[in-house]
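Hi everyone, thanks for making time. I'd like to walk you through one protein chain today, so please have the viewer open.

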Amino acid sequence: MTTSSPQPINRPAVLGVSLWVGVLVLLSHWMGQQAYHWLPVQASNAAPLVDGLFSFETALGTFVFAAVVSVMLWVMVFNRADKYDESDAVPIEGNTKLEVIWTAIPFVLVMGIAVYAMRVNHTLGVLGPMEHIHAHNSAEMQGGYPGDRLPAEQVEVIARQWSWEFRYPGSNVSATELHLAVDQPVTFRLITDDVLHGFYIPAFRLKQDVIPGRAIDFSLTPTREGRYRLRDSQFSGTWFAANQADVVVQSQDDYAAWLKQAAGQPLQAGLSLATQEFSERQKQKNPGWATVPPAPPPQVNVPGSPSLPHDG
């Protein structure tokens with residue numbers, strides 16, 4: 001009986017594959033760094049963590065994509081059948097080693113992403129308790145806001161079709177423009193008067209659904225002064241794309257001065273682009289499709305401006 005001797009290691013092939021893997025690693029790292037430039041400015045304590053996770057996933061996806069394409073190109077170039085070869089390939093099955101490899105690698109990759117994402121989520125800890133509430137009635141708050149409704153460091157956020165209202169219980173100030181102090185933790189109490197909305201500030205990298213019948217606590221720390229944009233990330237009806245508001249992050253002194261100035265201003269109609277567009281449409285002969293009438297603009301101390309430039 002003769003025993004087959006083990007095949008010698010093809011050192012040039014091993015060296016070539018190792019060099020190519022090194023090239024793919026460098027390419028993946030470069031793509032991961034480029035991913036930071038695809039996103040808005042970082043304006044909260046959550047932004048670096050979320051961006052780091054996105055960069056990691058981009059680099060990992062680049063490596064997997066490039067590796068698969070590399071194998072495909074190698075097979076197409078060096079393992080092509082002859083021009084007139086119409087014979088069947090050799091039937092191969094039951095390669096246990098290969099099956100273990102292509103099962104283990106995706107498992108390791110997916111678990112790596114999951115562990116990284118869980119660590120980021122645990123570090124952020126932005127979502128507080130979710131309380132069941134009765135239907136929120138804005139009329140109860142007209143003309144004044146009870147100071148004991150929320151702690152002073154919290155801001156009540158009320159979403160409607162289609163406007164945002166922000167209430168500062170410690171100073172009895174309301175606005176349709178969100179003002180925050182830089183480097184100061186803030187907790188939002190998210191409430192909706194009607195349907196599902198999405199509280200989303202791209203520069204902060206955090207998003208939270210606002211669910212009817214519930215009050216949701218949502219915490220973060222702004223870290224960069226500037227003017228940003230709050231958007232409704234959920235389809236809430238005809239004018240949901242216009243359901244936006246400015247978010248102004250300012251120094252602590254400027255924030256305190258703004259609160260003091262706002263407290264002395266009388267209540268007036270807040271910003272509601274949906275209400276304006278709906279009124280103009282109703283004046284036309286053919287107002288177009290039927291739609292839900294927008295809620296009346298909230299009565300606030302500071303309406304803000306819809307036309308000022310923002311950073312993201």
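Let me begin with a term I'll need for the sheet: two strands pair if DSSP finds at least two bridges between them. Strands themselves are DSSP runs of E with at least two residues, helices are runs of H or I with at least four, and both are numbered from the N terminus. With that in hand, Thr187 stands opposite Ser219 in β9.

Some housekeeping before I go on. This is a predicted model, where local features need pLDDT of at least 70, side-chain atom pairs count only at pLDDT 80 or more, and totals for chains, interfaces and linings use all residues. Residues are numbered from 1 along each chain as its sequence is written, and side-chain values use heavy atoms, with hydrogens and water left out.

Back to β9, then. Strand β6, residues 186-192, runs antiparallel to β9, and five bridges join the two. Strand β1, residues 127-132, also pairs with β9 in the antiparallel sense, over four bridges. There, Leu127 stands opposite Phe218 in β9.

Buried here means under 20% relative accessible area, with exposed over 50% and partly exposed in between, using a 1.4 Å probe and protein chains only.

Now let's zoom out. The protein chain has five helices and 13 strands. Its radius of gyration is 28 Å, well over the 20 Å that the globule rule gives for 312 residues, so the chain is more spread out than a compact globule. For the record, that radius is taken over C-alpha atoms, and the rule is 2.2 Å times the number of residues to the power 0.38. Along the principal axes, the C-alpha atoms fill a box of roughly 100 × 50 × 35 Å. Of the 312 residues, 35% are buried.

Contact means heavy atoms within 4.5 Å. Among contacts between residues at least 6 apart in sequence, 73% join residues at least 24 apart.

My last stop is Val302, in the segment after β13 (299-300). Is Val302 buried or exposed? Val302 counts as buried, because its relative accessibility is 11%. Its C-alpha atom is separated by 4.6 Å from that of Ala175, 127 residues apart along the chain. Leaving out residues up to four places away in sequence, Val302 touches Ser174, Ala175, Thr176, Glu177, Trp258, Ala262 and Gln265.
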